[in-house]
Amino acid sequence: MARPQILTWNQDCVRGAPERLEDGSVDLFITDPPYGIGGDKLHAHYHRDESFVVDGYVEVDAAQYAPFTRAWLAQASRVLRPGGSFYIVSGWTRLREVLDALHETPLTLVNHLVWKYHFGVNTRLKYVTSHYHILYGTKPGGKPVFNTHDRFGPQERDERGRSLLYRDLEDVWEIPRVYKPGQVKNKNELPQELLVKMIQYSSRPGDRVCDFFLGGFTTLRVARGMGREGCGFELNPKAYRSGLEALERVKPGSLLAGLRTPNPDAPPNQHRPWSPRERRELHARFSSHRKAGLTKRAAIQALGEEFGRGRFAIMNSLEAPAKKHDAD
């Protein structure tokens, strides 16, 4: 595979983007901006051994977080092509500033995803925070890429007969954080599995993926491993050098063979009788889609993908009311 072009700059993204990146030059934008909560002192919160963590984390003062967010989001909106997609990872503390700034751009928010992880920090006087917010959206003016069936086919089911595709498309993602004891790491690295999912659904090989806050360069490492182009900024010189070295060790396309793809041997559901459980689930999902505002036609189409059934099979089953006394 040809080596994907990766461009990186040890520079502030707000100042660097106007100099380095042209309008509409990015297909997919993924970033995890600074915390705005004293992230440069995380060891005081998490009690971990900081000797393996790259120091020099560049934090943003809470009083400046709103204008800072408006500035980098304006640049992100500019460089994203019409029809391009974005994922912004945020904790709940500064989520309001991110949402307010996003509202001032032409970008369209499509989903508010929740990334659930296991963190293991004990608290005494409050609930344990164990999730991040992920804002997914697109830029108007073009057709977005969303590879619905690149990971799971509509006919694939788990051991209980539930749709694997539907579960993968739900807006709560339970993906564990990756801990690397005794290894050099950045202050806050996103897990590879999380980035693989974003890039696989929202881009094609050869597309350009951009990250304004590279940190440990995980976004670009995954992009290169999946055969994508990439670009990004990192202000911390120590993190930049460390991340660049890690990026150079990634072989282009090295992750492609290990990607989750639809199972061609999964038995299709067409012509298979409906089980009582499936019929009850079908009626419940139809009601949910209608309450969410989908037309009957759109709801039936969505159910066809979720259950791996044809349109008429869905309609016929909906016309036969689910019986509450049916047993599995």
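Leucine 109 stands opposite glycine 137, a residue of β5. This pairing comes from a predicted model. The strand β5 is mostly covered, with seven of its eight residues buried.

**Partners of β5**
- β4 and β5 run antiparallel and are joined by eight bridges.
- β3 and β5 also run antiparallel, and six bridges join them.
- Across from isoleucine 134 in β5 stands valine 89.

**Largest nonpolar core**
- The largest nonpolar core has 30 residues, and those touching the most other members are Ile30, Tyr87, Trp115, Ile134, Trp173, Leu194 and Met198.
- At least two residues of this core come from each of the strands β2 (26–31), β3 (80–90), β4 (108–116) and β5 (131–138).
- The helices α5 (164–169), α6 (192–202) and α7 (218–225) likewise each supply at least two residues of this core.
- α6 gives the largest share of this core, six residues.
- In soluble globular proteins, nonpolar side chains tend to be buried together.

**Second core**
- A separate, second core of 27 residues has Cys13, Leu21, Ala76 and Val79 among its members.

**Contacts of isoleucine 134**
- Neighbours within four places in sequence are left aside in the contacts given here for isoleucine 134.
- Isoleucine 134 is in contact with Tyr87, Ile88 and Val89, and also with Asn111, His112, Leu113 and Trp115.
- Trp173, Leu194 and Met198 are in contact with isoleucine 134 as well.

Terms used
Residues are numbered from 1 along each chain as its sequence is written. This is a predicted model: local features need pLDDT of at least 70, side-chain atom pairs count only at pLDDT 80 or more; totals for chains, interfaces and linings use all residues. Side-chain values use heavy atoms; hydrogens and water are left out. A nonpolar core is a set of buried Ala, Val, Leu, Ile, Met, Phe, Trp, Tyr and Cys residues joined through side-chain atoms within 4.5 Å. Buried means under 20% relative accessible area, exposed over 50%, partly exposed in between (1.4 Å probe, protein chains only). Helices (H or I, at least four residues) and strands (E, at least two) are DSSP runs, numbered from the N terminus. Contact means heavy atoms within 4.5 Å. Two strands pair if DSSP finds at least two bridges between them.
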